[in-house]
Amino acid sequence: MSTPVRVAVMGTGSWGTAFAVVLADAGCEVTLWARRAEVADAVNSTRANPGYLPGVELPPGVRATSDAAEALGDADFVVLAIPSQTLRANLADWAPLLAPHTVLVSLMKGVELGSAMRMSEVIEDVAKVRPERIAVVTGPNLAREIAARMPAAAVVACTDEEVARRLQAACHTPYFRPYTNTDVIGCELGGAVKNVIGLAVGIADGMGLGDNAKGSLITRGLAETTRLGMALGADPLTFSGLAGLGDLVATCSSPLSRNHTFGTNLGKGMTLEETIAVTKQTAEGVKSCESVLDLARRHGVDMPITETVVGIVHDAKPPVVALKELMSRSAKPERR
Ligand SMILES: NC(=O)c1ccc[n+]([C@@H]2O[C@H](COP(=O)([O-])OP(=O)(O)OC[C@H]3O[C@@H](n4cnc5c(N)ncnc54)[C@H](O)[C@@H]3O)[C@@H](O)[C@H]2O)c1
Ligand SMILES: O=P(O)(O)OC[C@H](O)CO
């Protein structure tokens, strides 16, 4: 019998825990790292993480620790499942503990504020590992559905296709179907920008603007994501795949999406402070809308929906005013 693949999952939130279930179901030995010792103890003694995934029993292949060195020591894959804006500081602590052969896997869908770096770029910068040892898992993957073992497809991206194939095998289960892709830039941008478009669609839903508005925002959102991706060297076809259209459709249709729900609350008239207060988990688009816009401006890319979301979320622009401005932009060809 071959030795099981050892995986450290750093982050015991919704997606870290759900992905740990996937990995264990695929036959991996998973160590889940929690910031707080009491969370790790509760996971080990109750086989559950009710704060994030109530009602989900964790399989025997998952155990938890709050000792990062214990989790990271001999891991074949280290899966990073924390909020994007906290990656740099956490990884600086973890980098000296990484085994030389470890592949770092980002589950995060954000762009760093200030540097406008994608998560794989932050990993390369902080952990000083080559891009061939950095992978990304993304796609239409709402954690609650995956943890209930409902069917989903995903993308496993790495510039080294062989590494992507190894990770694909490590997380392939009867309900979770990962495809490989070597376009890391496109896959990461698809995930980060869909959160911003998810906010926009949520705002429109909250305002009661109807399904034509939703279809228009999804499509034009995909157009501006693709423009940014092409400016950064991504393959435009990636955006019609799971990391682009697939994730946009799931996020913009589901009440389980934190970004969509955040936007809906704003669209219904809640203030930003009220919306933040009722949001218990990470809605990456709230911070990443600013870093995505920053990235777009650095590359001279027009992203009107992202700009509108930044106006509403960070500049307190009333959604009705933002809508009027978006609809009164000059007429344009659909493709340019
Ligand atoms: N939940 C999903 O359905 C889903 C699916 C795909 C991708 N993602 C992405 O995965 C990433 C993690 O999201 P999540 O849903 O697990 O978030 P979450 O809010 O459910 O959990 C975040 C976890 O990070 C921990 N954390 C918070 N601040 C931290 C810090 N400063 N240092 C270390 N740990 C900290 C929290 O304690 C928690 O365990 C995000 O980038 C998100 O976009 C989420
Ligand atoms: O809950 P959200 O909005 O962070 O979306 C979760 C996943 O990214 C959907 O694929």
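**Figure 1. Contacts of Asn259 in the predicted model.** In this predicted model, Asn259 is placed in helix H11. Beyond its neighbours within four places in sequence, Asn259 is in contact with Asn195, Gly198, Leu199, Gly202, Thr251, Ala283, Glu284 and Gly285. Asn259 is buried because 29 other C-beta atoms lie within 10 Å, where 20 or more are required. An unreviewed UniProt entry lists Asn259 under "binding site".

**Figure 2. Surroundings of Lys109.** Lys109 lies in the loop between strand S5 (103–106) and helix H5 (119–127). With 27 C-beta neighbours inside 10 Å, Lys109 counts as buried. Its contacts, apart from neighbours within four places in sequence, are Thr138, Gly191, Ala192, Asn195 and Glu284. Lys109 is likewise listed for "binding site" in the unreviewed UniProt entry, together with Gly139, Lys194, Asp247, Ser257, Arg258 and Asn259.

**Figure 3. The side of domain 1 that touches domain 2.** The domain assignment of the protein chain gives domain 1 (6–182) and domain 2 (192–327), and their C-alpha centres lie 25 Å apart. The contact takes 22 residues from domain 1 and 24 residues from domain 2. On the side of domain 1, helix H6 (143–147), strand S7 (152–157) and strand S8 (176–181) are the elements that give two or more residues. The largest share, three residues, comes from S7. The residues of this side divide into ten nonpolar, eight polar and four charged.

**Figure 4. Helix H14 and the elements that cover its buried residues.** In helix H14 (residues 304–314), the buried residues are Ile305, Thr306, Thr308, Val309, Val310, Ile312 and Val313. The elements covering them include helix H8 (184–207), helix H9 (211–231), helix H11 (258–267), helix H12 (272–278), helix H13 (285–298) and helix H15 (319–327). After H14 comes Ala316, which has a positive phi, near 55°.

Methods
Residues are numbered from 1 along each chain as its sequence is written. Chains are lettered from A and ligands numbered from 1 in the order in which they are written. This is a predicted model: local features need pLDDT of at least 70, side-chain atom pairs count only at pLDDT 80 or more; totals for chains, interfaces and linings use all residues. Domain bounds come from an automatic or database domain assignment. Two residues are in contact if their C-beta atoms, placed from the backbone, lie within 7 Å. Helices (H or I, at least four residues) and strands (E, at least two) are DSSP runs, numbered from the N terminus. Ala, Val, Leu, Ile, Met, Phe, Trp, Tyr, Cys and Pro count as nonpolar, Asp, Glu, Lys and Arg as charged, and the others, Gly among them, as polar. A residue is buried if 20 or more other C-beta atoms lie within 10 Å of its own, exposed if 12 or fewer, and partly exposed in between; C-beta atoms are placed from the backbone. UniProt positions are given in the numbering used here, feature names are shortened, and annotations may be inferred rather than shown by experiment.
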